[in-house]
Every structure is written in structure tokens, then in C-alpha cells.
Amino acid sequence: MFTKDQVKINNLISGTTKVYGIIGNPVTFSLSPMIQNTLSSFLEIDSIYLPFPVEDGRLSNAIRGGHALNIQGFNVTHPYKQDVMGHLTYIDPLAKQIGAVNTLKYEGKGYSGYNTDADGLYTSLKQNNISLEDKEIIVLGAGGAARATLMMAAKYGARSIYILNRTLDKADLLAIEVKKYYNINVEVLPLDEWHKLPGDCICFQTTSVGMGKSKDKAPIDHDDFYKKISVAIDLIYNPFETLFLKKAKRQGSYTINGLGMLLYQAIKAYEIWNNIELTDSQLRQIEDTIERNIPI
Ligand code: ATR
């Protein structure tokens, strides 16, 4: 049986231990080391995962150094998900669509880049029995997280997508990007024109509103907006339940926070690095263990 003590990173590091890590600035609050090291303990794979803070201007050195040191893989987080694309020997087509890379895998001549955010979000929906097939989708926000969400929704059969953003130009550009790859109806609206949306939508909250200093805020305040949402997904996981999710729940929506996406994007990266696919039963055990250990 898998006990809580076994979750702790074992200290049996030897000459054969493979090294992985996360590159970003900052990485201090990242939950990835805990998740990835839990996966290695659980699967009894001889590897360790470390935080690697990379200062501004040092990304290229960090990647070349990592490769020289035989570091087998990295996750990449803010602010390097786009910049890292200029330092890779191969980029997976989905990562190209999303315009960002969050996973590097060691290859002979350099690193290959992947994006596991969209798959992570999709798995989180699947685990909640939510299908996007022929559904009307709302995406709040037009940054990097929105782009991964849009590509995922288009890929998995959404009927139409409404992008609502504070800065309309950014939403317009994103709509053009999605249409380059998918034959789908995409409309753009300012946040205060939510009343033009149809009902029974699945809504993804991808802005940073609801965490940190704005944790008592939601990107749209009016309660009637939330009546249009049957399923509300916030990509934020800290706080566990944002004001957006609270408001949606109050109007009867099914709600999902960002913890599932965080977990499944990490698992997907682990699968890429180790050429494995976790079984459903392994996934469930891992989920339980990690959720019990999350310091939120
Ligand atoms: P990420 O890569 O995590 O998506 P980002 O690219 O900085 O981060 O995008 C942040 C998103 O949150 C953007 O859609 C941003 O809106 P703008 O495009 O208008 O900047 C949105 N956002 C941030 N603060 C906001 C606020 N106070 N009100 C509304 N939207 C906000």
C-alpha cells in the first residue's frame, strides 16, 4: 500500500539517478517538484526533480548548461514558455499551435519541446465527465493560458467559442490564430458585453483575476452572467475556489478548479520523459496522494 511517508522524496540518489527540473522565475512556489517527485516515488523510478530559478537573460545558458549536464528534462514556467522555443531542436505541432512550450525532453543534440497544458486541461475535464463536443464555449482572457484553452476546445469539437477580454486586440489576434488551425466559429467580445452570450455554455476562466492581490475579484461581476454557464472551469488553483467559481456555483453551475489541470499536465510531462502511459488505476492513486499533500 502506498503510504504518506513514501511520498517524501527518498534520499537514495546514486550515480544512475536521472535529473529533471523546472526552469522559471520565480520557481519558489511551484508545486511541480512535489508532484514530480511523488510520481517517481510511486512508480519507483530512479529520478529526481529540482527547482532551477533562471534569472532574466540567462535562459540560453541555462538550457545549454542543462544539456551539457545531461539533465533529462525540464518543465518551463513563467516567463519563459515562449522564449524557450528559440532554443530547441524540435517543437511538437501542438506546442507550435499553442505558441508555448512547457516541457523539454533531452535528445542527443538538444531538447525537444512539448506543451502538456492543453492535454492536462482536457484530462481534467474528462475526469469530471465533461465533453466539449458541439458545445458553446466561453473563454475569459486572451493570454497564454487562454490560447492553450482555445486550441484544446477547438481540437475536441467545440461548436463555437466566445473570447471575452479586457484588451480586445489581443482577443482578435487569438481568434485569428485558432482559425488558422481549425474550422470553427470564434467571436470576440469585451468583458462588459457578456449579455450577448447564449445560455448553457462551458466557461473557462483564464485571467489572473481571482488570485494574489485580486483574490476577492472576478473578471465579470454580474450574477446574471453566471446563469449562462452550465460548467465553470477556473485555471487558478490557489485559492482553491475563486470568486468566479463561487459565483458560478451559486447560480447552479458545475465547477472545476485548476488543480486537475496542474496535476495532469505534470503527469503528461512525466509520461513523455519516461515513455510510459499511466493506467486509470495508477492515475486515481496518484491523484489521491497528491491532493492530500498539496499545501493549499
Ligand atoms: P497567462 O500566460 O497566464 O495567460 P497573460 O498572458 O499575462 O498570462 O494573460 C493574463 C490575462 O489576464 C489577460 O487576458 C489579461 O487581460 P489583458 O489582455 O487585457 O491584459 C487578463 N487580466 C489580467 N488582469 C486583469 C484585470 N484586472 N481585469 C481583466 N483581465 C485581466
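S214 is buried, with a relative accessible area of 17%. This value, like every other one here, comes from a predicted model. S214 counts as buried because its relative accessible area falls under 20%. The residue sits in the loop that connects β10 (201-205) with α8 (223-226). Leaving aside residues up to four places away in sequence, S214 touches S208 and V209. With S208 there is also a polar contact: a polar atom of the S214 side chain lies 3.4 Å from the backbone oxygen of S208.

The protein is divided into domain 1, made of residues 4-115 and 262-293, and domain 2, residues 119-257. Their C-alpha centres lie 27 Å apart. Where the domains meet, eleven residues of domain 1 are in contact with twelve residues of domain 2.

The neighbours of β8 come next. Strand β7 (residues 136-140) runs parallel to β8 and is joined to it by five bridges, with V139 standing opposite I163. Strand β9 (residues 185-190) is also parallel to β8, here through six bridges, and V188 of β9 is the bridge partner of I163. From β8 the chain crosses to β9 through helix α7 (residues 168-181), in a right-handed β-α-β crossover. A right-handed β-α-β unit is likewise formed by β7, helix α6 (residues 144-155) and β8.

Nonpolar residues gather here as well. In soluble globular proteins, nonpolar side chains tend to be buried together. The largest nonpolar core of this model has 35 residues, and I137, I161, I163, F204 and I233 have the most contacts inside it. At least two residues each are supplied by α4 (93-98), α5 (117-127), β7, α6, β8, α7, β10 and β11 (229-234). Helix α6 gives the largest share, seven residues. Domain 1 and domain 2 both give residues to this core, so it lies between them.

Not counting residues up to four places away in sequence, I137 touches L132, A153, A158, S160, I161, Y162, I202 and F204. A second, separate core of 19 residues includes Y162, L197, C203 and Y226.

The tour ends at helix α9 (residues 243-250), where L243, F244, L245, K247 and A248 are buried. An α-helix has 3.6 residues a turn, so residues three or four places apart point the same way. The buried residues of α9 pack against β7, β10, α8, β11 and β12 (254-256). Just after the helix, G252 takes a positive phi of about 95°.

Definitions and conventions:
Residues are numbered from 1 along each chain as its sequence is written. This is a predicted model: local features need pLDDT of at least 70, side-chain atom pairs count only at pLDDT 80 or more; totals for chains, interfaces and linings use all residues. Side-chain values use heavy atoms; hydrogens and water are left out. Helices (H or I, at least four residues) and strands (E, at least two) are DSSP runs, numbered from the N terminus. Buried means under 20% relative accessible area, exposed over 50%, partly exposed in between (1.4 Å probe, protein chains only). A polar contact is a pair of N or O atoms within 3.5 Å; within protein, one must be able to donate a hydrogen and the other to accept it, and residues adjacent in sequence count only if both atoms are side-chain atoms. Contact means heavy atoms within 4.5 Å. Two strands pair if DSSP finds at least two bridges between them. A crossover is right-handed if, with the strands pointing away from the viewer, the path from the first strand over the helix to the second runs clockwise. A nonpolar core is a set of buried Ala, Val, Leu, Ile, Met, Phe, Trp, Tyr and Cys residues joined through side-chain atoms within 4.5 Å. Domain bounds come from an automatic or database domain assignment.
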